Amino acid sequence: MQLELSAPDGAPARSWAGAPRVLALCLPDLPVQRVARDRGGGPAPVAPLAVVADGQIVACDAAARAGGVRPGDSAVQAEAACAGLALVPHDAAADRAALEALAEALLALAPAVEIADAGTLLLDASAAPLSGGGADAEARLAARAVDVAAGMGLRARAAVASGRGPARALARAGRGGAPVPPERTAAALAPLPLHALELPEAVAARLRALGVRDAGALARLPAEGLAHRFGAAGVAAWRLARGEDATPLAPFTPVSLPVEAVELEAPVESAEPLLFALKRLCDRLAARLAGRGLGASRLALVLALDLRGEERVTIALAAPSAAASRWLLVLRERLAALRLPGAVAAVRLEVAEAAPAPAEQLALADRPEQLAALDAVLARLAARLGPAAVFAVEPVALHRPEAAYRPAPFAGRAGAAPRRPGRAPAPASGCEQDEAPPRPTRLLPAPLPLVAEGEGGRVTALRLDGRVLAVESLTPPERLAGEWWAQPFDREYRRARLAGLGDCWIFRDVTSGRLWLHGFFD
Amino acid sequence: VPDQRQLIEDLRERIRRIERRPPPCTRVVPAGRPAVDALLGGGFPRGSLVELCGPPGSGKTALAASALARAGDEGALGAWVDGRGELYAPALAPLGVDLARLLIVRPASTGGRARGEGSPRDALWAAEALLASGAFAVVVLDVPLAAGARARGGGASAEAMLRRLGGAAQRGGAAGLWLAEPGAARIPGVVRLDVAPGPGEPVVRRAGAPGAGAGRASHAA
């Protein structure tokens, strides 16, 4: 009894007060999970699997464990214990990348995510009540975090508690369950074995010798002499066992644009299995982008070919999007139009360009199915006709009529200020008139030569391709000239009503004096 | 019979829901000119094609632009298949068209008048894809196609390809405006408006439609 009351620094009930609410997400046997996932197989492989580093088992799957394999065994021991065991060398960098990818995706749920160790992520759960859900907001957050991990192809278990240490210890020990209220932290930790507190083995052994077997017993030890007998590690474990951990999270910040890749089990020559693999890549990539509040505006699909080289396809989206379903629509179109020189051995999907996914900027934001339809048809058109054949137009302030616009990518977005009828766009600089004369709706790609026919200095008819067209009316000339520095031009334009053709835009080349038909007011 | 029409409308709506297709925001796209709207019963019908036929300078392009501007006012997108390579987009902005919301498709094979007409096959294919996509309220089709022509490089006759456009418009719920010059290929079974240059605005007549006499003319205000 005396042990329980001996806290030196006041009431233990208040010790959790400064601790942040933390959701710990533990990925058991991450090295094995990742290998199984990246093999691109569907469900879990049947063969027992273990990951080896320096001749020692680092992690193994359930089938291997059932066969008697334990982490820490030597590879030889493991192979002897379990028939048919597949040994895979440990790739710490790939594990880390998988963990970072998951952390990125989890940023969609929490303001901060920390990569605590090689198999645990810590999420700042303090904002959970803000996202609604009332009393079980934290439980819902935990369930969603597990779902996000499942979406990335990883199995996880979650625990919510006050302080990063307690949450992590609970998750790693598999004692998640319902979120632990702050005042119950120590009680929830009490049944955990000592190794769950990650004490150095020497300290744990000495504690065990004293009869301290779990966190509860450790928490009841008197503070006096603790540091003296067990050192700093002992004090830290004692504080942790009492649920005292106010250290803030060290948030993870993603740096580069996300990439996801998968190696295909067998080389693939048709689109369907490729799309199947791509769907999972899209889901993972979209989750990671959504975590950053971004949408992809350009994707790069890299298909590693079985025999030689790789095929790279860049895909532009009509609007930045983090919706995997929209990407897939476009990818499907592009794959259908693609002729591959060989079988595909591996697929990589990169976000080549990302932008904050705007919600209100889009003309079709309230009609997502139309936006998806737009993406799909743009992709089909670009695949068959070439990207240059599909465009929107931007006006350019130049006098030369054929140069007064340029193609721009079509985004389906509303222009800055939609122009109303009667208000012509601002005329090019140096133009003294307020209102530019109307322009023809059709401009011939190459002007057609005209021959004037008339009497007494008046043009009464124009000859075009041998046809004589009577001139019914003619406006005063508008002179357009410029570009003296490069390709000077000097033209006198008139609007002429020609019998049988309607309103035409004709010009006289001032330097040569010749007449041309340039367009129609159609 | 109005009751029957209502019944058919209701059934259409139910089928649309079953097929989970986007609702047509409006059944017509106004032409923006009262006289033309009156000829068409409110405007260009979505889900079908209308042919605008007239000589090069008659004003049919401006009429199509006017419909695009009305559609843009309601936040919808427009597309223009520029099979002749002649569309002069800067002239559309003063007519009220938001150029950022107008998709222009200009297949590389477009020739223009001087160089002879290129293969309309790509343009017709693009037209069908755009009409059926469901992303556009108005799709203007300016594809040079002489009557009886066969699309180069393929077996399908122009008539057959044109007939498919109607089905595509119906699938995608787009108003398709087919711009044609006199003597060009006709689309079978499609409402045709003849456009002729008038003293002020162009004169538009409805031709060849059942129930509307070819002689009934209307002058735009």
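Which residue of β5(B) does Val390(A) stand opposite? In this predicted model, the residue opposite Val390(A) is Val105(B), in β5(B).

**Confidence**

For the complex, the predictor reports an ipTM of 0.81 and a pTM of 0.60. The average pLDDT of chain B is 81, and 79% of the residues score at least 70. A pLDDT below 50 is found over residues 111–118 of chain B, a stretch that has 19 contacts in the model beyond near neighbours in sequence. Residues 209–221 of chain B also have a pLDDT below 50, with 18 contacts in the model beyond near neighbours in sequence.

**The interface between chain B and chain A**

Chain B contributes 56 residues to the contact and chain A contributes 52 residues. The size of an interface is often expressed as the accessible area that is lost when the parts come together. Between chain B and chain A, the buried area is about 4500 Å², with carbon and sulfur atoms giving 61% of that area.

Four salt bridges are counted between the two chains. In a salt bridge between side chains, Arg442(A) meets Asp142(B) at 2.8 Å, N to O.

On the side of chain B that touches chain A, at least two residues each come from α3 (60–73), β5 (102–105) and α4 (121–133). The element that gives the most to this side is α4(B), with seven residues. Sorted by class, the side of chain B that touches chain A comprises 32 nonpolar, 11 polar and 13 charged residues.

**Strand pairing**

Within chain B, strand β8 (residues 191–196) takes part in two pairings. With strand β3 (residues 49–53), β8(B) pairs in the parallel sense, and Leu193(B) of β8(B) is the bridge partner of Leu52(B). With strand β9 (residues 203–207), β8(B) runs antiparallel, and Arg192(B) stands opposite Ala207(B) in β9(B). A hairpin of six residues connects β8(B) to β9(B).

| Strand pair | Sense | Bridges |
|---|---|---|
| β3(B) and β8(B) | parallel | four bridges |
| β8(B) and β9(B) | antiparallel | five bridges |

Conventions:
Residues numbered from 1 in each chain as written. Chains lettered and ligands numbered in written order. Predicted model: local features only at pLDDT ≥ 70, side-chain atom pairs only at ≥ 80, totals over all residues. Heavy atoms only, no water. pLDDT = per-residue confidence, 0-100. Contact = heavy atoms within 4.5 Å. Buried area = accessible area lost by both parts, 1.4 Å probe. Nonpolar A, V, L, I, M, F, W, Y, C, P; charged D, E, K, R; others polar. Pairing = 2+ DSSP bridges.
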